[in-house]
Amino acid sequence: MSCCSANALLTPSFPVPRRKKTRHVITTFTIPRCHVRPRMSLQQPLTAITKLLWGNSLPPQLLISTVRSTWSATWHLLMSQLAPSNPSGGYSRPPSQFPANPNSPQFPRQNPNSLHLYVGLPCPWAHRTLIVRALKGLENAVPVSIAAPGTDGSWEFRNGAAPEGEGDRFVPGLDKANGCRTLREVYRLRRGGYEGRSTVPMLWDVKKKEVVCNESYDIIELFNSGLNGLAGNPGLDLAPPALKGRIEEWNRVIYPNVNNGVYRCGFSQSQEAYDTAVNELFSTLDMLDDHLGGCRYLCGDMLTLADICLFTTLVRFDLVYNVLFKCTKKKLLEYPNLHGYMRDIYQIPKVAETCNFQAIMDGYYGILFPLNPGSIQPVMPSGCEHEALIRPHNRESLSSSADQIMALYL
């Protein structure tokens, strides 16, 4: 029998009597077993076809050239949407569509009780808003909804509980303010709708159903000084008037060369653009490492908004930027002062809870298809694990009033 029916698979061997003259013969028929082959993966038929075409040799040069040209054209098309570039192939970050304007009717000076924050955990720009919100004690005043990157790159909300072992760390969940499935739907709720990029962080006015702001630095400035009447820690000032000038100077260095610098490396679409970006990135990191050898924070003894903006890039550096964004000249671990500085900030109460390293890796390695087509996620570096980041940093000796400074965050 060349095949067997489904019924035959359930039928055991059985005797069948047959009469032949006066002699009785018992003939036993055995139903042959049907071997069910496991379902082949997509790679198995492809492998069979390639072996049929050219055996164990490499594919023909013409095929390689064709695939390479097609992939290159497709890659540039995808990158043009993911990361718009300038004529030289350098990444050009689109400006935020809803910067804060104190004179705008959307800016909630009169009714700060209606604010809701939308963030995504992989995003360093959103991460800075979570840190300032936590340090200022605004958790109750400004509720947060955490989106996760979908397979198409958009932000979506998921009905998921915190995995075991996550503790108090942030995890993606549902839209607590509007009940939407995606962040795009939230943006479209505003008067007049919206068809642009739906980015995080985004500060939302629940009562007016309006985007208040989606520029991260404007949001952290508002959290730092604009909501002290609602803050649990109003005495903490991360941008005191005496340091504002120095904070702005640091931001002018850190934003283009480090915060955006890692993206300029990873999203470069020409060798020239990459070379420029990577040289500016590491020359700035070298300078910062030297500077932080003599002071605890960028502006001296006090943690400022400039430090928080730098921290959210540094904490992702060895985790994703070093590998995925080709920032390979050095690991952060090779910068003794910068790495200790990063651990110092991580150990400030409430900061570690804002860091979800698995969500960061999932967001970068799993979603940025043009940079990682196979979505293969490397193992987390041991130096990026929580246990490594809580090792003593010994930077208190650089501060003249370490106890007084730590008391501000408690």
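Arg-93 lies over the face of Tyr-263, 4.8 Å from the ring centre. A charge counts as over a ring if NZ of Lys or CZ of Arg is within 6 Å of the ring centre and within 35 degrees of the ring normal. This is a predicted model: local features need pLDDT of at least 70, side-chain atom pairs count only at pLDDT 80 or more, and totals for chains, interfaces and linings use all residues. Residues are numbered from 1 along each chain as its sequence is written, and side-chain values use heavy atoms, with hydrogens and water left out.

Tyr-263 also belongs to an aromatic cluster, with Trp-125 and Tyr-321 among the other members.

How many aromatic pairs does the structure hold? There are 16; rings of Phe, Tyr and Trp (its six-membered ring) pair if their centres lie within 6.5 Å, and planes under 30 degrees apart are stacked, over 60 edge-to-face and the rest tilted. Phe-282 and Phe-317 form an edge-to-face pair, with 6.1 Å between centres and 85° between planes. Phe-282 is in helix α9 and Phe-317 in helix α10, 35 residues apart. Helices here are DSSP runs (H or I, at least four residues), numbered from the N terminus.

Conventions. Helices (H or I, at least four residues) and strands (E, at least two) are DSSP runs, numbered from the N terminus.
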